[in-house]
Amino acid sequence: MADTAWNGGDYYGKAKPERGLAVARMIGHITYMSDSSMEDKFSRRLKDDNFSFTFKGDFEVEGYLRYRGDSFVKRFDANSYLYITKAMDYFDLSGDNILPPGSESGVRFLVIAFKSDWLYPSYQSQEIVRYLKSKGADATYCEVSSTYGHDAFLLEVEEETHLIKHFLNKTFYGYDVVRSYEI
Amino acid sequence: MRFDELRSDYRVIYGIVNSASRVLDLGCGDGELLFILAKDKNAKVQGVEIDEGSIYKCVAKGLSVFHSDIDNGLRGYPDRSFDYVILNQSLQQTKKVDFVLDEAFRVGERVIVGFPNFAHLPVRLGLFFRGEAPVTKSLPYHWYDSPNIHCLSIKDFRNYCRDKNIDVLEEHYLAGEKVVRFWPNLFAANAIFVLSRNGK
């Protein structure tokens with residue numbers, strides 16, 4: 001919105017607010033990674049061998065974030081980004097919102113968190129589960145030990161598949177069809 | 001799997017728990033016990049377990065489990081929401097024994113505690129004759145890799161229950177697969193107590 005090209009949202013057919021959207025995405029992208037995934041991927045590595053002593057991006061991480069920002073504006077609309085961000089701000093699972101009174105019976109919940117995710121930290125997921133339990137709801141919680149940060153939900157596919165597959169099996173078929181059960 | 005192939009402490013607990021009970025297993029491991037209680041006894045079961053790999057195995061069995069340590073795992077459960085709270089081989093691994101038992105009695109009518117007996121004869125012999133921290137079947141760990149924080153005997157636990165006004169409803173003693181009847185504090189490797197605390 002600080003980008004003057006945004007023009008109160010009326011930029012269609014004119015210059016698009018590409019700089020503003022790119023910066024927003026660059027900031028966002030940092031929150032999708034973790035301390036350790038940043039360190040692994042970039043650390044303090046330079047793009048060239050020496051400091052340039054100018055304000056151009058010397059570090060690999062700067063080039064990466066700029067690339068992320070620039071490529072994002074080609075496939076995403078700034079107003080859409082604003083609306084989605086706003087909708088997420090308004091989204092609130094706390095209190096009775098997750099389980100309106102009267103809806104307790106028969107619903108099972110599976111809550112998955114990732115250890116290094118500081119955008120959706122695991123303690124908040126645990127609060128959801130504790131709230132569900134306080135209402136007598138059937139809830140399962142697993143904290144997957146991933147170092148990928150928020151991006152883990154796109155990367156830890158095997159763990160998520162296992163949890164969701166078996167959770168749904170039990171939900172739809174009960175204990176009797178747990179065929180893979182071995183001791 | 002056949003019933004008599006099941007671990008002996010699981011068979012004892014299986015015998016204790018009534019059909020269709022609400023059961024919470026603290027430190028439920030791979031969920032073996034909860035699974036047969038749910039399947040055979042139609043119990044409404046939930047587990048708390050710290051090990052991630054065990055959580056996956058529990059979910060594969062269709063169990064509802066909470067990935068957490070026991071010291072923090074009970075916050076949120078309503079009062080008296082379970083008929084039995086099981087602490088099998090896990091109480092001696094918790095940091096705050098008093099707190100965990102208080103919480104167990106808050107959420108459950110009865111608490112089943114199973115623990116390895118540190119006064120078991122082979123343990124005493126190892127310590128006395130070899131002068132070494134004992135490594136036995138029921139205490140398979142070395143001093144440096146043991147998850148057991150607290151070392152207690154059957155007598156210790158009885159004294160503890162007396163001091164804390166906890167009623168002991170049943171006591172079961174095991175040495176491997178066998179049931180022990182005489183001098184359990186000497187001959188039993190494992191003990192399973194059924195407790196209640198209605199006087200609080």
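B:Ala20 sits in the loop that links helix 1 (8–16) to strand 1 (22–26) of chain B; helices (H or I, at least four residues) and strands (E, at least two) are DSSP runs, numbered from the N terminus. The model is a predicted one, in which local features need pLDDT of at least 70, side-chain atom pairs count only at pLDDT 80 or more, and totals for chains, interfaces and linings use all residues. Residues are numbered from 1 along each chain as its sequence is written, while chains are lettered from A and ligands numbered from 1 in the order in which they are written.

B:Ala20 is not a glycine, yet its phi is positive, at about 60°. With 10 other C-beta atoms within 10 Å, B:Ala20 is exposed. B:Trp183 lies in the loop between strand 7 (178–179) and helix 8 (184–187) of chain B, and it counts as exposed, with 11 other C-beta atoms within 10 Å.

Strand 7 of chain B also takes part in some strand pairing. Two strands pair if DSSP finds at least two bridges between them. Strand 6 and strand 7 of chain B do this in the antiparallel sense, over two bridges, and B:Ala175 has B:Lys178 in strand 7 as its bridge partner. The two strands make a hairpin with two residues between them, and B:Gly176 in the turn shows a positive phi of about 60°. Strand 6 (residues 167–175) of chain B is also joined to strand 8 (residues 190–196) of chain B, antiparallel, by seven bridges. Across from B:Glu171 is B:Phe193 in strand 8 of chain B.

Next comes the meeting of the two chains. In all, 20 residues of chain B are in contact with 24 residues of chain A, contact being C-beta atoms, placed from the backbone, within 7 Å. On the chain B side, helix 2 (32–41), helix 3 (52–60) and strand 3 (65–67) each give two or more residues. Helix 3 of chain B has the largest share, five residues. By class, this side of chain B has ten nonpolar, five polar and five charged residues. Ala, Val, Leu, Ile, Met, Phe, Trp, Tyr, Cys and Pro count as nonpolar, Asp, Glu, Lys and Arg as charged, and the others, Gly among them, as polar.

Chain A has seven helices and two strands, which run α-α-α-α-β-α-β-α-α from the N terminus on. Its radius of gyration is 22 Å, well over the 16 Å that the globule rule gives for 183 residues, so chain A is more spread out than a compact globule. That radius is taken over C-alpha atoms, and the rule is 2.2 Å times the number of residues to the power 0.38. The C-alpha atoms of chain A fill a box of roughly 65 × 40 × 25 Å along the principal axes. Of its 183 residues, 21% count as buried.

Chain A is assigned domain 1 (4–90) and domain 2 (95–177), with bounds from an automatic or database domain assignment. The centres of these domains, taken over C-alpha atoms, are 31 Å apart. Six residues from domain 1 and eight residues from domain 2 make up the contact.

How values were computed: Buried ≥ 20, exposed ≤ 12 C-beta atoms within 10 Å, placed from the backbone. Contact = placed C-beta atoms within 7 Å.
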